[in-house]
Amino acid sequence: MKICIIGTGYVGLVSGTCFSELGNNVICSDTNDSKIINLNEGIVPIYEPGLEELIKRNFNQGKLKFSTDIASSIRNSDIIFICVGTPTNKKTNSADLKYVLNVANTIKNNLNKYKVIVTKSTVPVTTGDKIEKILNIKKNKNKFDVISNPEFLREGEAIRDFLYPDRIVIGTNTNKANNIMKNLYQPIIKKNNRYFHTSRRAAELIKYSSNAFLATKITFINEIANLCENSNIDVNDIAIGMGLDDRIGDRFLRAGPGYGGSCFPKDTRALVTIAKKFKINLSIVKSVIKSNDTRHKLLLNRITKIMSNKFKNKKITFLGVTFKAGTDDMRESPALNIIPSLIKKGANINYYDPSKKKDIFNSKKIKFCKNIKDACKNSNLLIIHTEWNEFKQLNFKNLVNKKNFKIFDMRNLYSSRKMKNNNIKYFGIGR
Ligand code: NAD
Ligand code: UGA
């Protein structure tokens, strides 16, 4: 099939590349000239394991192309995927639809034959209706179907999530569009048979409900972790004990510094806002947002206690600064709140991130280090902020010169008992 991807970001680039891998001809388009120039030269704009090889292979075989000419990319394709961003509108907390509606207007003028228009961007209920209204001019009669196909991939696991998804959700009321989508996803459906066809509005809401539910699960275990800290219980045991119940499941029950990233924070906010438009109060999701938004303050209090409130001339090392492992994405990373607060208290910060993310903080008191050893050498406190594999088996006594250094493991990667046996002052989350 001939596919056009509009918006070559995380979702657009991964989806476009995987669709070409499955044998389709794909044009990934974007308004960002330098991104497209780079991609045409083999430079991949994001850190995503396995993506570069896949892009190169399909690009060299001529199945994957990159273009800034969005109009002709649309005209030359049968299926158009809208994959542009839907960031929070800071005034209203709703999803800002300006990029999506802008794309809809471009599509409107380039419907030279029947096309399926697919929203893969995460969009509030009724966005499909809005796009349809824009496209519905006289000359476009019978030339399109607008459908919803939300994306559930995770950064860092994007290719596997795309090619081996738990489910593919297609929201459309027309059989024609549904059959085209089923055909497109056939190679993937064959692997696990989880194709769910529903209404367009339901598909839009499934996406937000899924993200809000996962954010709730994480926030729930984070609050239980707070209780564990005050009652001498290890939250990992609670997560295991709860997770053994199939109805609950053990995934997304890892207590940590709070959820971040480009999706959970913005999508929970947007869900509450769209619900309000329908006169519904989503009180649970509201509490989740509040709890997560204040989590960094709680962590800061914990660090203050660990440091006995002495920060002057103290060096604190962050192992990992992105919102989670396996990505270079800093959007809504808990570190963005915690590090500046520690600087205000007088600490100096070293940080190392395996994604080689640097120049994030504009302060002389924050230093990027090229490796773990340099970052840890003179540290008073090591903070394990993300769960990269390379942080999982460190010999801290060999890494740190300072006597009496401490570790605050925000991802509970290490055993408290083993640390105690090694005479290392170790603190975890919910322990
Ligand atoms: P992104 O910011 O990485 O990429 C968006 C791209 O769209 C940018 O390259 C931008 O230049 C381009 N763009 C903007 N306006 C355009 C236009 N008019 N024409 C062509 N290109 C245009 O965003 P993302 O992280 O890929 O997210 C895209 C959508 O997918 C969002 O709605 C997000 O919520 C959703 N989503 C993201 C993820 C994820 O892991 N990042 C997962 C599932 C769903
Ligand atoms: C999330 C969802 O998992 C994807 O299904 C969805 O497609 C995507 O959002 C989206 O809509 O964009 P992502 O943001 O890439 O994916 O990352 P996750 O792995 O879900 O982690 C999100 C945040 O929750 C991170 O800050 C992570 O550290 C935190 N987390 C996750 C925990 O604190 N504990 C957990 O057990 C799991």
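Biologist: Hi! Which helices each supply at least two residues of the shell around ligand 1?

Modeller: Those are α1, residues 10–21, and α5, residues 98–108. Keep in mind that we are looking at a predicted model.

Biologist: Got it. How many residues surround ligand 1, and which are the closest?

Modeller: There are 27 residues around ligand 1, and D30, K35, T86, T122 and K266 are the closest.

Biologist: What does K266 do there, in terms of distance to an oxygen atom of ligand 1?

Modeller: A polar atom in the side chain of K266 is 2.6 Å from an oxygen atom of ligand 1. Backbones take part too: a polar backbone atom of T122 lies 2.9 Å from an oxygen atom of the ligand, and for V11 a polar backbone atom is likewise listed at 2.9 Å from a ligand oxygen.

Biologist: And how much of ligand 1 does the protein cover?

Modeller: On its own, ligand 1 has 840 Å² of accessible area, and the protein covers 87% of that.

Biologist: Nice. How does the shell around ligand 1 divide into nonpolar, polar and charged residues?

Modeller: It has 10 nonpolar residues, 10 polar ones and seven charged ones.

Biologist: Let's hop over to ligand 2. Which residues come nearest to that one?

Modeller: F152, L153, K207, N211 and C263 come nearest, out of 20 residues around ligand 2.

Biologist: Which atom of L153 is 2.7 Å from an oxygen atom of ligand 2?

Modeller: For L153, a polar backbone atom sits at that distance. With N211 the side chain is involved instead: one of its N or O atoms is 2.8 Å from an oxygen atom of ligand 2.

Biologist: Which element gives the most?

Modeller: That would be α9, with three residues.

Biologist: What about the classes of residue around ligand 2?

Modeller: That shell holds nine nonpolar, three polar and eight charged residues.

Biologist: While we're on rings, how many aromatic pairs does the structure hold?

Modeller: There are 11 aromatic pairs. One cluster to look for in the structure is made of F19, F81, F162 and Y185.

Biologist: Last topic, salt bridges! How many are there?

Modeller: The count comes to 20 salt bridges. One of them joins the side chains of E21 and R57, with 2.7 Å from N to O.

Biologist: Why does that pair tie together parts that are apart in sequence?

Modeller: Because E21 lies in helix α1 while R57 lies in helix α3 (residues 51–60), the pair links parts that are 36 residues apart in sequence.

Key: Residues are numbered from 1 along each chain as its sequence is written. Chains are lettered from A and ligands numbered from 1 in the order in which they are written. This is a predicted model: local features need pLDDT of at least 70, side-chain atom pairs count only at pLDDT 80 or more; totals for chains, interfaces and linings use all residues. Side-chain values use heavy atoms; hydrogens and water are left out. A residue is near a molecule or strand if one of its heavy atoms lies within 4 Å of it. A polar contact is a pair of N or O atoms within 3.5 Å; within protein, one must be able to donate a hydrogen and the other to accept it, and residues adjacent in sequence count only if both atoms are side-chain atoms. Helices (H or I, at least four residues) and strands (E, at least two) are DSSP runs, numbered from the N terminus. Ala, Val, Leu, Ile, Met, Phe, Trp, Tyr, Cys and Pro count as nonpolar, Asp, Glu, Lys and Arg as charged, and the others, Gly among them, as polar. Rings of Phe, Tyr and Trp (its six-membered ring) pair if their centres lie within 6.5 Å; planes under 30 degrees apart count as stacked, over 60 as edge-to-face and the rest as tilted. Accessible areas come from the Shrake-Rupley method with a 1.4 Å probe; for residues, only the protein chains shown count as cover. A salt bridge is a side-chain nitrogen of Lys or Arg within 4 Å of a carboxyl oxygen of Asp or Glu.
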